[in-house]
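Biologist: I'm new to this one and would like to learn how to read it. Could you walk me through it?

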Amino acid sequence: MFEKITMYVDGELVWGVAPDDAPDAVTTETFYGDADVNGKIELADAVLIAKSMGSVSGNLLTVQGRRNADVKLDDTIDEKDLVLMLRFFANLIPQTDLGAA
């Protein structure tokens, strides 16, 4: 009955079947550090990362926001990502260190 209903969340297919003319995946370039996905790296991004770590629901970040927030490239958003962001804001590391393996 509902097999033709399709649902996307943050550009990713989460339920149903994509229409025949739909792109396979939404491709968005990762901008490491930009957790709120507004095109800038700001202190608000570090605050959002900290809030998301303490969130019970765990959905404060969008899918792209989670990709951007994983600045340690370890597939998890945790205190290591937050510390690296704070080191960037304190001018202890360059922006190129965010998302560098």
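Modeller: We'll go from the overall layout to one helix pair and then to the core. Keep in mind that this is a predicted model.

Biologist: Fine. What pattern does the protein follow along the sequence?

Modeller: Reading along the sequence gives β-β-α-α-α. In total that comes to three helices and two strands.

Biologist: How do I read the way helix 1 and helix 3 cross?

Modeller: Look at the angle between their axes. For helix 1 (residues 43-54) and helix 3 (residues 79-89), the axes come within 10 Å and cross at roughly 165 degrees. Angles over 145 count as roughly antiparallel, so that is how these two helices run relative to each other. Their crossing is left-handed.

Biologist: Which residues make that contact?

Modeller: On helix 1, they are L43, D45, A46, I49, A50 and M53, while helix 3 brings E79, L82, M85, L86 and F89. Sorted by class, this contact has nine nonpolar residues, two charged ones and no polar ones.

Biologist: And what should I expect of nonpolar side chains in general?

Modeller: In soluble globular proteins, they tend to be buried together. Here, the largest nonpolar core has 14 residues, and A35, I49, M85 and L98 touch the most other members. Helix 1 and helix 3 are the elements giving two or more residues to this core, with helix 3 supplying the largest share, four residues.

Biologist: What does A35 touch, leaving out residues up to four places away in sequence?

Modeller: A35 touches D45, L48, I49, L61, G65, N68 and A69.

Biologist: How much of the protein is buried?

Modeller: Buried residues make up 27% of its 101 residues.

Terms used. Residues are numbered from 1 along each chain as its sequence is written. This is a predicted model: local features need pLDDT of at least 70, side-chain atom pairs count only at pLDDT 80 or more; totals for chains, interfaces and linings use all residues. Side-chain values use heavy atoms; hydrogens and water are left out. Axes are lines fitted to C-alpha atoms, for helices over the stretch in contact, and angles run from 0 to 180 degrees between N-to-C directions. Angles under 35 degrees count as roughly parallel, over 145 as roughly antiparallel, 65 to 115 as roughly perpendicular and the rest as oblique. A crossing is left-handed if the near helix is turned anticlockwise from the far one by less than a right angle, and right-handed if clockwise. Contact means heavy atoms within 4.5 Å. Ala, Val, Leu, Ile, Met, Phe, Trp, Tyr, Cys and Pro count as nonpolar, Asp, Glu, Lys and Arg as charged, and the others, Gly among them, as polar. A nonpolar core is a set of buried Ala, Val, Leu, Ile, Met, Phe, Trp, Tyr and Cys residues joined through side-chain atoms within 4.5 Å. Buried means under 20% relative accessible area, exposed over 50%, partly exposed in between (1.4 Å probe, protein chains only).
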